[in-house]
Amino acid sequence: MSAPQQSAGYRTLGRSGVAVFEQALGTMTFGAEADETTSHAIIDAYVDGGGNFIDTADVYSAGRSEEIIGRWLAAHPAEAAQLVIATKGRFPMGAGPNDHGTSRRHLRTALEASLRRLGVEHIDLYQLHAWDAITPLDETLRFLDDAITQGKIGYYGFSNFTGWQLTKASQLAERHGWNLPVTLQPQYSLLVRGIEHEIVPAALDAGIGLLPWSPLGGGWLSGKYRRDVSPTGTTRLGENPERGMEAWQQRNADPRTWQIIDALTGIAEERAASPSQVALAWLAAQPAVTSVILGARSVEQLRDNMGAVTLELDAAELESLTAASAPRADDYPYGAPGIAQRHRNIGGGR
């Protein structure tokens, strides 16, 4: 399958015909790191900058993110009509045994609640926030197909699926004649490139567009941190140095981190761009990427990040960043010897 079609800052939403801006507005900060006034200002700035694709989830701030977006949509009906809205369901929204997962029961409740919080009758892209090892996959996919038929969602996609999960879901839907998935949200950045081993090839094979989250590695690729200098202040790591997968000590101790940042800041200086813009431009140029999800806690952050849309890195710059950030892999199956086994010389020979 071919990669998403693209033109003048817009790309197709995976295999669909829907045009979305190459940068999506991620809203995990809404209702948490950004209050409602700031959140609405961020949406204003995103739309003013040409953006038309907003991504949220029911679990973001326990539903408050969707509610904040819903009130903005209600106050801006003309602009709202041009937006593509995406949300997700899967994670717990209550303490009960059926308050999470991808069963028909939970997804029906979750979807109806998201529609209500957003104040809409239809969601353009509904995504499974993660794999569910308990619910039969055919139950989940049939629910999503029914939701499309009922007009409650336009398309569906996944988040945090592995390569085999993505392939299994795509092939199962095709075998039953159900609507096919169009997108996948993985973590992807110059710092986190492991998805290139299996997930990117699986997405390309299925015609699925990638919507990378954490494209700046939790702030590491913004150029704001310094080697061996513990972060402080109102940054994600300044507020919580042990924050999740981007924790300070682990990444600071890894020479690869600073190898990537050095290459990134060098190009940024040469191009009079911010490190964030260079990192985002590299990611947008990768195969299968439909739209890079921006997570901003301020209008200033968002505007800087949106500047990446007009930054086109040349082949040498792309290669420099690609080489500096090469993902680690054992020789088998993802290192050079393993890769060599998956190809052959059409002309023969040993």
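Mentor: Gladly! Let's begin with contact, which means heavy atoms within 4.5 Å. Keep in mind that this is a predicted model.

Trainee: Which residues of α1 and α12 meet in that sense?

Mentor: A41, I42, A45 and Y46 in α1 meet V299, L302, R303 and M306 in α12. By class, this contact has 7 nonpolar, no polar and 1 charged residues.

Trainee: Why is α1 called roughly parallel to α12?

Mentor: Helix α1 (residues 36-48) and helix α12 (residues 299-306) pack at an angle of about 20 degrees, and their axes lie 9 Å apart. Angles under 35 degrees count as roughly parallel, so α1 is roughly parallel to α12. Their crossing is right-handed.

Trainee: Which residues line the largest cavity?

Mentor: Its lining consists of E22, Q23, L280, A281, A284, V292 and A308. Helix α11 (residues 275-284) gives the largest share, 3 residues. By class, the lining has 5 nonpolar, 1 polar and 1 charged.

Trainee: And what makes a pocket something else?

Mentor: A pocket is an open set of points. The second largest pocket holds about 290 Å³ of space. It is lined by 14 residues, with L191, V192, D254, R256 and R328 the closest to its centre. Both α9 (248-252) and α10 (255-271) supply at least two residues of that lining.

Methods
Residues numbered from 1 in each chain as written. Predicted model: local features only at pLDDT ≥ 70, side-chain atom pairs only at ≥ 80, totals over all residues. Heavy atoms only, no water. 1 Å grid on protein atoms, 1.4 Å probe; cavity = no way out; pocket = protein on both sides within 12 Å on 5 of 7 lines; lining within 4 Å. Points joined across faces, edges and corners; volume = space filled by probe spheres on them. Helix = DSSP H or I, 4+ residues; strand = E, 2+ residues; numbered from the N terminus. Nonpolar A, V, L, I, M, F, W, Y, C, P; charged D, E, K, R; others polar. Axes fitted to C-alpha atoms, helices over the stretch in contact; angles between N-to-C directions. Parallel < 35°, antiparallel > 145°, perpendicular 65-115°, else oblique. Left-handed = near helix turned anticlockwise from the far one by under 90°.
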